[in-house]
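Please look through the sequence and the coordinates shown here before reading on. The paragraphs that follow start from a single residue and then widen to the whole chain.

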Amino acid sequence: MMNELQSGDPQDNRHDPHSTGGATEADTDITSTATATGASTDAKTTTTESANDTAATATNPAASHIHFPLRQVATAIVSIGALASLWYARAVYNTHTGTSFWLFWVAFALALGVWAAAIWFHWWRALPNAVRIPIGIVLCVALCGFGVSQAAIASHMRDEGDRNLDYIIVLGAQVHQGSPSLVLRYRLDRAAEYLRANPDTTCIVSGGQGPNEPYAEARGMADYLEHDAGIDASRIIEEPDSTTTVENLRNSRMIIDRASNTGSAGSAASEPSIGIVTNDFHVFRSLHIAHDQGYTDVHGIAAGSPRDMLLNNMVRESFAEAKYLIKR
């Protein structure tokens with residue numbers, strides 16, 4: 001009886017569709033439906049957002065370039081370099097060195113301007129590989145050659161020469177009325193310093209008269225050494241005919257050979273010891289030319305140079321060295 005009452009207990013409603021258990025199942029179904037609906041809604045939202053992003057990218061093509069800010073920075077840096085090169089060209093021009101190398105910096109500024117435009121407008125990407133590869137190879141070779149020449153120039157910028165050399169040759173540079181140029185004064189002051197420390201050394205001043213000079217460079221150099229630096233005139237020999245470094249060394253060597261009775265066939269034992277006095281950036285090329293002309297016991301004696309023009313002078317030397325190698 002108790003079992004029947006228990007089986008018919010109204011609390012036992014596991015099989016009643018309206019009971020709590022039925023409600024739980026219904027809730028589960030409703031939750032599943034809601035979840036499916038939510039997932040569908042999320043999917044639609046994601047699709048809509050993706051479509052909106054695509055539309056925004058199509059509207060703003062710049063957004064598709066991940067490196068757009070980098071392109072802006074690169075263009076700005078190269079453009080600043082172009083402006084700086086123009087400013088430096090003006091500074092070099094104002095030194096009135098007698099050369100036209102200041103035009104190199106103008107040309108370099110124009111090249112940087114074209115490079116900046118190429119970065120900004122993607123011109124490099126537009127070129128076919130048949131064009132880009134040769135250009136890249138030429139630029140790499142040029143940069144490597146420039147780097148090697150600059151290292152060679154720097155390697156002789158502190159040369160001091162040996163003591164008690166038989167001769168020193170002071171290479172000429174521009175002279176003004178009544179005074180040497182700043183670059184030449186560096187050379188002459190270094191030569192005077194060496195001559196005072198080595199009283200048995202003879203000095204050859206070498207340089208002809210350029211179209212924008214009042215007299216031969218050798219004449220102005222000798223005057224400066226004698227009257228301003230206090231070097232005895234008997235120790236100074238003028239070579240007033242040369243117009244290039246090659247001629248400086250060739251003509252000076254002829255004077256030395258006549259004075260010491262040695263020639264190109266002279267033995268190494270009778271070879272006079274010779275120092276070449278020039279600005280620090282110019283020593284390497286001068287020694288290179290001297291060795292090509294048969295100088296065997298030759299040394300560089302580096303003078304200083306204007307620091308604000310050092311970049312210009314070293315770049316110019318690289319071009320001068322390349323020109324010498326091509327023409328020799």
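Is His 122 buried, partly exposed or exposed? In this predicted model, His 122 has a relative accessible area of 22%, which makes it partly exposed, since the limit for a buried residue is under 20%. The residue sits in the loop between helix 4 (102-121) and helix 5 (123-126), and its phi is near 60 degrees, a positive value in a residue other than glycine. Asn 164 likewise has a positive phi, of about 55 degrees, although it is not a glycine. This residue belongs to the loop between helix 6 (129-154) and strand 1, and with a relative accessible area of 48% it is partly exposed.

Before going further into the fold, the confidence of the prediction deserves attention. The mean pLDDT of the chain is 83, and 77% of its residues reach 70 or more. Over residues 1-59, however, the pLDDT is below 50, and this stretch has six contacts in the model beyond near neighbours in sequence. Residues 264-268 also stay under 50 in pLDDT, and for them the model has zero contacts beyond four places in sequence. Where pLDDT is low, the predicted coordinates should not be read in detail.

Taken as a whole, the chain contains 11 helices and seven strands. Of its 328 residues, 35% are buried, while the accessible surface comes to about 19600 Å², with 61% of it belonging to carbon and sulfur atoms.

Strand 4 and strand 5 pair in the parallel sense over four bridges, and the bridge partner of Ile 204 in strand 5 is Ile 237. With a relative accessibility of 27%, Ile 237 counts as partly exposed. The C-alpha atoms of Ile 237 and Val 205 are separated by 6.2 Å, although the two residues are 32 residues apart along the chain. Leaving aside neighbours within four places in sequence, Ile 237 is in contact with Thr 202, Cys 203, Ile 204, Val 205 and Ile 255.

In the loop between helix 9 and strand 6 lies Ser 273, which counts as buried at 10% relative accessibility. Not counting residues up to four places away in sequence, Ser 273 touches Asn 164, Leu 165, Asp 166, Tyr 167 and Asp 297.

The nonpolar interior comes next. In soluble globular proteins, nonpolar side chains tend to be buried together. The largest nonpolar core here has 23 residues, of which Ile 168, Val 170, Leu 188, Cys 203, Val 205, Leu 225 and Ile 231 touch the most other members. Strand 1 (167-171), helix 7 (182-197), strand 4 (202-206) and helix 8 (217-228) are the elements that give two or more residues to this core, and helix 7 provides the largest share, six residues. Apart from this core lies another, of 17 residues, among them Ile 169, Tyr 295, Val 298 and Ala 302.

Terms used: Residues numbered from 1 in each chain as written. Predicted model: local features only at pLDDT ≥ 70, side-chain atom pairs only at ≥ 80, totals over all residues. Heavy atoms only, no water. Buried < 20%, exposed > 50% of the residue type's maximum accessible area, 1.4 Å probe, protein only. Areas by Shrake-Rupley, 256 points an atom, 1.4 Å probe, with all protein chains shown as cover. Core = buried A, V, L, I, M, F, W, Y, C linked by side-chain atoms within 4.5 Å. pLDDT = per-residue confidence, 0-100. Contact = heavy atoms within 4.5 Å. Pairing = 2+ DSSP bridges.
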